[in-house]
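Here is a friendly walk through the contacts that hold our attention in this model. Please keep the sequence and the 3D view open as you read.

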Amino acid sequence: MKEIRRVLSVIVTNEDGVLSRISGLFAGRGYNIDSLTVAPVPETNLSRLTIVTCGNERVLEQIVKQLHKLIPTYKVIESGEFVEKEMALVKIPLNEDFNGLDAMLKAYNGTIANSGENFIVIMVADNAKRIDNFLKTVKRYNPIQIVRSGSVAMDI
Amino acid sequence: MDLNGSQMVIEALRRENVSVVFGYPGGAIMNVYDEIYKQNYFEHILTRHEQAAIHAADGYARASGKVGVAFVTSGPGFTNAVTGLATAYIDSVPMVVISGQVPISMIGTDAFQEIDAVGISRPCVKHNYLVKDAKDLPRVLKEAFYIASSGRPGPVHIDIPKDVTAQIAKFDYPQKITMQTYKPTYKGNSRQIKKVVDAIANSSRPILYIGGGAVNSGASELVREFAKFTGIPAVETLMARGVMGDSNPLLMGMVGMHGCYSANMAMSEADLMIALGSRFDDRVTGKLSEFAKHAKVVHVDIDPSSIGKIVDIDYPIVGDLKNVLSDMMPIAREKVKRAKYQSWRDLLKRYDEIHPLGYSDNKNNIKPQWVIQRVGETLGDKAIISTDVGQHQMWTAQFYPFSRPRQFITSGGLGTMGFGFPAAMGVKKAIPEKISINISGDGSILMNIQELMTAYESNIPVINIILNNGFLGMVRQWQTFFYDKRYASTDLSRAQPDFVKLAESFGGRGFRVETKKEFDEALKEAIKSNVVCMIDVNVDRLENVLPMVPAGGTLYNMMLEYKE
Ligand SMILES: Cc1ncc(C[n+]2csc(CCOP(=O)(O)OP(=O)(O)O)c2C)c(N)n1
Ligand SMILES: [Mg+2]
């Protein structure tokens with residue numbers, strides 16, 4: 001069976017140990033986590049985990065069912081359309097030639113987030129595939145450091 | 001009402017109608033034990049090892065269908081309990097296990113007898129809690145009993161720090177409970193149920209593949225009735241022994257690695273497999289690519305994650321088997337014609353006649369299978385049979401005439417040696433009017449032998465029948481078949497205890513048996529004695545469990561005999 005990438009939005013009770021239940025489930029059953037983002041859902045007792053995973057159809061079906069089986073799981077959103085965004089921070093030395101950087105930032109919803117005596121930090125937010133592309137292109141500025149976030153997703 | 005954490009535990013158990021608990025005290029759980037001492041709502045049985053406390057609660061739960069309860073202390077008390085939790089979890093046994101923990105202020109400091117108990121138990125339980133405030137205890141205790149016994153049952157672990165067991169808070173025990181995030185599905189989808197009936201009506205070789213879920217659901221009566229009026233033959237997994245009843249003409253016997261010929265052939269040649277609360281364990285399916293090759297598959301299970309986990313399912317139904325079968329019954333009565341499967345039933349009967357389950361009895365020594373048949377003939381429904389793990393377990397599953405569910409208590413999924421004796425104690429506490437027998441091996445019995453003391457002290461007259469082959473027999477069998485008889489670390493004959501003296505030294509009775517006549521006498525005497533007993537039966541050392549589907553082999557390619 002074919003490996004498929006999937007974004008899961010998991011709504012759980014915001015309580016002690018819930019993250020270890022989920023990461024333990026993935027580790028114990030040999031499922032992949034490509035990225036994981038957690039934050040409370042505003043004005044509720046719930047948290048949202050956005051998990052990017054991959055596997056064949058049977059594995060993905062099991063992942064969803066096993067997530068449901070955890071007692072604190074309220075909802076697993078797997079299908080339908082998502083707006084999906086990741087973020088990346090890139091630190092670039094100031095002595096680089098910034099030719100073309102502006103256009104690139106524009107194309108990837110980017111800005112200059114901060115700067116120092118001899119570096120700038122740029123920030124971009126986009127879907128995972130495009131972040132991949134951006135990080136390839138940004139290499140030409142010899143970045144000192146790259147930090148990439150997990151995905152956040154919203155079903156529409 | 002204001003109570004301290006320990007009193008809350010007692011009060012919750014009282015309200016949950018708990019009548020017996022098993023456990024072992026220690027520093028972190030002493031406050032709770034102090035309250036156990038003061039109350040007389042329930043009896044506390046002091047086992048001699050925490051593992052045994054959990055297995056005893058487990059045996060209690062399996063025999064009665066009620067929630068088993070056990071207490072252990074922090075650190076080593078808890079780690080000793082882990083095997084028991086894992087055993088209960090994989091066999092879906094409802095239990096609540098409460099452990100002590102170091103005080104909250106000391107958690108994370110590597111304090112004396114501190115271990116991350118919920119971290120360890122997480123993959124071995126249905127759910128667990130670390131209670132950080134006594135005000136949460138009433139809810140947690142209520143939820144624990146509810147979660148353990150609802151949906152697909154399972155053990156729930158509650159870890160309570162010592163200061164919380166002394167902390168005073170308001171005790172408001174919820175009468176009823178609904179949980180935002182946990183709502184098992186009990187009712188099957190009615191459209192899907194209709195489709196299944198149509199599939200049955202259109203099939204020519206249907207088979208009921210009955211698993212432990214049928215026992216948990218309390219559906220055996222319905223399963224029997226359904227089989228009877230549809231005329232569909234059935235096979236049982238290890239966990240389902242007794243659901244159809246031994247004398248049922250539609251029962252083809254046990255399926256799987258040591259299943260009988262007709263049952264395994266029925267599974268292989270069926271055109272419609274109807275899985276009822278079974279989970280397609282590898283010990284049942286053998287090689288998956290050959291499993292149920294010609295069959296459409298129906299799967300009824302209360303646990304959605306069981307469905308489609310191993311095998312693709314054509315007709316999934318999530319629900320409680322009892323509900324699903326009752327909904328199915330009236331439709332099936334209209335549409336399914338018993339006569340249609342006559343030739344299929346005849347074929348399976350022929351299979352059974354060609355290769356019936358059996359063994360060749362012998363004048364010179366006692367065959368282990370004979371012992372089990374003999375116990376069955378002598379006691380039948382009067383006994384509840386627990387086992388340890390190994391050849392003796394498989395022979396018990398094959399040869400004991402189980403007539404009802406919850407009569408056979410065995411560790412199926414985990415295969416835990418040392419389970420049988422403590423479980424049989426739990427059985428006796430749950431159903432005192434039945435004779436509680438543990439059929440064990442000379443290897444397994446030593447894994448919880450200290451329970452002789454518990455059984456003696458607490459007047460639990462379990463009869464341990466040791467099928468003594470001087471081997472870790474099941475492993476020896478694999479070595480015979482697959483390792484050119486290199487008996488690495490399986491020969492136990494060079495050093496054995498005197499089981500008779502051993503039993504006597506704990507205050508019980510012991511019997512050594514070399515002949516069939518001696519066995520009959522020993523069994524009679526053991527029942528009369530009304531004290532914990534060990535019957536050490538010297539059996540044929542090299543007997544093998546057959547048929548056998550080698551691991552990863554195909555179900556229809558059974559080894560039916562072993563030739564040197
Ligand atoms: C705790 C544990 N350790 C190891 C095993 C592996 N094992 C399975 S059967 C068996 C042999 C059991 O020997 P015995 O109790 O004498 O039973 P027999 O097979 O001889 O009837 C062993 C070692 C196990 N199932 N459980
Ligand atoms: Mg043995």
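The contact draws on 18 residues from chain A and 21 residues from chain B, where contact means heavy atoms within 4.5 Å.

Please bear in mind that this is a predicted model: local features need pLDDT of at least 70, side-chain atom pairs count only at pLDDT 80 or more, and totals for chains, interfaces and linings use all residues. Residues are numbered from 1 along each chain as its sequence is written, chains are lettered from A and ligands numbered from 1 in the order in which they are written, and side-chain values use heavy atoms, with hydrogens and water left out.

## Charged and polar pairs across the interface

Side chains of opposite charge can pair when their charged atoms come close. How many salt bridges does the rule find across the interface of chain A and chain B? There are 3 salt bridges, a salt bridge being a side-chain nitrogen of Lys or Arg within 4 Å of a carboxyl oxygen of Asp or Glu. In one salt bridge, the side chain of Arg58(A) meets that of Asp312(B) at 2.5 Å, N to O.

Helix 1 (18-28), helix 2 (57-69) and strand 4 (73-77) of chain A are the elements that give two or more residues to the side touching chain B. Helix 2 of chain A provides the largest share of that side, 6 residues. By class, the chain A side has 5 nonpolar, 7 polar and 6 charged residues. In this scheme Ala, Val, Leu, Ile, Met, Phe, Trp, Tyr, Cys and Pro count as nonpolar, Asp, Glu, Lys and Arg as charged, and the others, Gly among them, as polar.

## Inside chain A

Chain A has 4 helices and 9 strands. Helices (H or I, at least four residues) and strands (E, at least two) are DSSP runs, numbered from the N terminus. Along the sequence, the pattern of chain A reads β-α-β-β-α-β-β-α-β-β-α-β-β. The C-alpha trace of chain A spans about 55 × 40 × 30 Å along its principal axes.

The side chains of Arg6(A) and Glu57(A) are joined by a polar contact of 3.5 Å. Leaving out residues up to four places away in sequence, Arg6(A) touches Ile51(A), Val52(A), Thr53(A), Glu57(A), Leu60(A) and Glu78(A).

## Two domains of chain B

Chain B is assigned domain 1 (2-170), domain 2 (190-354) and domain 3 (368-538), with bounds from an automatic or database domain assignment. The centres of domain 1 and domain 3 of chain B, taken over C-alpha atoms, are 29 Å apart. Their contact takes 25 residues from domain 1 of chain B and 27 residues from domain 3 of chain B. About 1,900 Å² is buried between domain 1 and domain 3 of chain B, with 65% from carbon and sulfur atoms. In domain 1 of chain B, Arg48(B), Arg62(B) and Ala63(B) lose the most area to domain 3 of chain B, together 30% of what that side buries.

Between domain 1 and domain 3 of chain B the count is 2 salt bridges. The side chains of Glu43(B) and Lys429(B) meet in a salt bridge at 3.0 Å, N to O.

## Around ligand 1

Which residues come nearest to ligand 1? Of the 17 residues around ligand 1 (a heavy atom within 4 Å), the nearest are Gln391(B), Gly415(B), Gly443(B), Ser444(B) and Gly473(B). A backbone N or O atom of Gly415(B) lies 2.8 Å from a nitrogen atom of ligand 1. In the side chain of Ser444(B), an N or O atom is 2.7 Å from an oxygen atom of ligand 1.

Definitions and conventions
Buried area is the accessible area (1.4 Å probe) that two parts lose on being put together, summed over both. A polar contact is a pair of N or O atoms within 3.5 Å; within protein, one must be able to donate a hydrogen and the other to accept it, and residues adjacent in sequence count only if both atoms are side-chain atoms.
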